[in-house]
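Trainee: I would like to learn how to read a helix and its surroundings from coordinates. Could we go through one case slowly, with the cut-offs stated as we go?

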Amino acid sequence: FVSILATFPEQYTEEVQALDPRTLWKPAGCLKCNNLGYKGRIGIFEAILMDKDIENVAKGNPSARDIRAAADKQGLLTLKQDGVLKVIRGVTSLDEFKRVVGE
C-alpha cells in the first residue's frame, strides 16, 4: 500500500505528502446505507491518452509493459494509485480497495 504511494506521478507529490497513510477510514453503518457503510458507488479509474508515444507503441505488437512505459510519461494515475488515493482521502476503505483490486 505505502509502496504504491511512492509511485505517484510528480504532479501529485504535494497532495500525497500532505496525506497521512496511517489514517485509514473504516465504514460505519447507518439506516441510510442499510448498515453497510457505503451508499452509492464510486469508481476507481485508469486512463491512457492517445498521443504520439502511445500511437507509436501501438503500431507494433506491444506488451502491457511497453504500453505502461509509454503511458507513464503522461503522468496519469494507475488503477491502484487512484484506489489508494481514495482510501487515504476517506472516500472508501482499505478492505473495499483490496476486494475490488485484488490486493
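Predicted model: local features only at pLDDT ≥ 70, side-chain atom pairs only at ≥ 80, totals over all residues.

Trainee: Is Asp 82 buried or exposed?

Mentor: Buried means under 20% relative accessible area, exposed means over 50%, and partly exposed lies in between, with a 1.4 Å probe and protein chains only. Asp 82 has a relative accessible area of 10%, and is therefore buried.

Trainee: Which residues does Asp 82 touch, not counting residues up to four places away in sequence?

Mentor: Contact means heavy atoms within 4.5 Å, and on that basis Asp 82 touches Gly 43, Ile 44, Phe 45 and Leu 77.

Trainee: How many of the ten residues of α5 are buried?

Mentor: Eight of them are, and α5 is mostly covered; Gln 81, Asp 82 and Gly 83 are among the buried residues, and the buried residues pack against α1 (2-5), α2 (13-18) and α6.

Trainee: How should I describe the packing of α5 and α6?

Mentor: Two packed helices are described by the angle between their axes and the distance between the axes. Axes are lines fitted to C-alpha atoms, for helices over the stretch in contact, and angles run from 0 to 180 degrees between N-to-C directions. Here α5 (residues 79-88) and α6 (residues 94-101) pack at an angle of about 165°, with their axes 9 Å apart. The two helices are therefore roughly antiparallel, a term that applies to angles over 145 degrees.

Trainee: Which residues make the contact?

Mentor: From α5 come Lys 80, Gly 83, Val 84 and Val 87, and from α6 come Leu 94, Phe 97 and Val 101. These residues divide into five nonpolar, one polar and one charged, where Ala, Val, Leu, Ile, Met, Phe, Trp, Tyr, Cys and Pro count as nonpolar, Asp, Glu, Lys and Arg as charged, and the others, Gly among them, as polar.

Trainee: What follows α5?

Mentor: Gly 90 follows α5, and its phi is positive, near 85°.

Methods. Residues numbered from 1 in each chain as written. Heavy atoms only, no water. Helix = DSSP H or I, 4+ residues; strand = E, 2+ residues; numbered from the N terminus. Parallel < 35°, antiparallel > 145°, perpendicular 65-115°, else oblique.
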